[in-house]
Structure formats: structure tokens, C-alpha cells
Amino acid sequence: MAHLGDCLLSIKPQEKSEGLQLNFQQNVDDAMTVLPKLATGLDVNVRFTGVSDFEYTPECSIFDLLGIPLYHGWLVDPQSPEAVSAVGKLSYNQLVEKIITCKHSSDTNLVTEGLIAEQFLETTAAQLTYHGLCELTTAAKEGELSVFFRNNHFSTMTKHKGHLYLLVTDQGFLQEEQVVWESLHNVDGDSCFCDSDFHLSHSLGKGPGAEGGSGSPEKQRQVDQDYLIALSLQQQPSSQGTLGLSDLELAQQLQQEEYQQHQAAQPVAARALLPQGRGAAFGRPAAERRQRPKQESDCVLL
């Protein structure tokens, strides 16, 4: 906490005008006043128009002064014009007040608008929408450290190879050395845990060397590649080639594609040396095999 205070006091305004310097000094004073709240939690108020849109409060001045991006993913879908009209550019607190006012209004249009706004809050109670997740992925910069706000909780967020990850800070994972990052690719909380190098972690709840660990580097690279492919497929619409297929047909198609990829990865010379039939198992045709000579018996018939 003392280090953050020193950082805030060491910041110098870039503009030399008197008005901007006074504004900067006011922001520093507000940030120093709010600084003790970091131990218990900050009060921020999101706007539903953009991933970096918040109602300006003294709490936000800390992020502005330190140059730390603050994001959220609670956005209204532009494909729902009724919800866009009902929510508008209001913040969360303003929207709650509007809902209360509209529900007690005698105007049926206002009542309807209030119900639409209330339905939006209920259906997005997770405070993360797919539209917000897409906008968040676009807004975040590669390798950038930022803060992600959701459900009154602040998380350290970064972007690695086009995918978002949250720093794991839950005490339940304190003894899990291979659990450092948690993927953020789904609004329903279906995430994956990764180590410090963003490799998919398999040692959750197991000691070092236990079954299911990272394994060989080749196996780990294959797992990471499969994981990234799964993320990409999840974020893309279904391809035309898989539409209308049953589960069995789709499984057979995927198995055939995997077999073809495996065959293509083998060297040509290695494939030429593979046995083509049972008769070539020992490098000699079956017709040319020499029969084992019979041993002479030492028994004498009387």
C-alpha cells in the first residue's frame, strides 16, 4: 500500500497549464483518499456501452493515474434494439433507478421499457455477455496487463496469443504450482487452468509426477495445440461441412481426418518399409520359408 502511495506521489502532470495541473492535483488527492479502500474493495459503476466505460468516480482515478486499463464485459447486444433503447448510455445504478421509476409509472410505454431493462439485468446476471467478450478480446492488447471487473471482483487479466486469461488468486489453488492462469473464453464459467507458460494444466489436485501431469514436451505441445484449436472452434460459427451430420457421422469424419493427418506426417521412406501383409512379417515370403529339420530320435523300438 505504501508503494502505491509513493507511485501516485511521484507522478508528474504532462500538461503545464494551471487548470490541468489543478485538475491533476485533485485526482491525486482523490486517489490518496481512496487508497485505503483497496484492502476491502473499490466501488465502480459500469456503463453498458463499452468494455472500458465506467461512471467516473474517485476510485477510477487510481487506475487512470497509474495507467492501468480497467475493463468489464457487461455489454448490451446491439442486435437487440429494444434492449439497446431501454438501457441507453446509463450506468448500472442509473438503470436500476430507471427500472424502479418505470415500473411505478402510469405510462404503458415506460412500464414496458422498464420491464425490458429488468429482463436484461436478469438474463445477464453473470455480468458478462458474448458481445462483451468479443469486444473485450478486441480491446485488450497482446501481452498487456490489465484489470477485469466482474461481480464486484477485480482480476488481473492478460492476453496471450489472442486469448484472454485471468490470474488465479483463489486460496484453494495455493498449493497447485501448475495453476497460474484461468482462461476467459465463455460466459458460463467453463474455463481451463494453465501454468505460467500458458500450457494447459493437468496436475490439478495431484502431486508432482502424478499421472496426468504435463508429460513429455511433445505431448504437452500437442495438448496445447488441441486446446487452442478448441478455443478457436468455439469462437467461430459452425462450418458448412459439419451441418446436418449425426454424431456418428461427425465422429467418423473427424477420425478419418485425424488418420489422414497422421499418415501425411510420416516420412515416405518409413511408410515404404512398413509390412504390407502377414507374409512379409519377417522379411521373407511365406513360400520361401525353410522348414525346421526334424531332430533324430534317440529311442529304439524293440
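Mentor: Start with the largest nonpolar core, which has 28 residues. Phe48, Phe54, Leu95, Phe120 and Leu121 touch the most other members. A nonpolar core here is a set of buried Ala, Val, Leu, Ile, Met, Phe, Trp, Tyr and Cys residues joined through side-chain atoms within 4.5 Å. Buried means under 20% relative accessible area, exposed over 50%, partly exposed in between (1.4 Å probe, protein chains only). Two or more residues each come from α2 (18-34), α3 (58-66), α4 (81-87), α5 (92-103), α6 (108-123) and β4 (146-150). Helices (H or I, at least four residues) and strands (E, at least two) are DSSP runs, numbered from the N terminus.

This is a predicted model: local features need pLDDT of at least 70, side-chain atom pairs count only at pLDDT 80 or more, and totals for chains, interfaces and linings use all residues. Residues are numbered from 1 along each chain as its sequence is written, and side-chain values use heavy atoms, leaving out hydrogens and water.

Now take Phe54. Leaving aside residues up to four places away in sequence, Phe54 touches Val44, Asn45, Val46, Arg47, Cys60, Leu70, Tyr71, His72 and Phe149. Contact means heavy atoms within 4.5 Å. Another core, of 13 residues, lies apart from the largest one. Among its members are Tyr71, Leu128, Leu136 and Leu164.

Next, check Gln127, in the loop between α6 and α7 (130-139). Gln127 is not a glycine, yet has a positive phi of about 60°. Most residues other than glycine have a negative phi. At 17% relative accessibility, Gln127 counts as buried.
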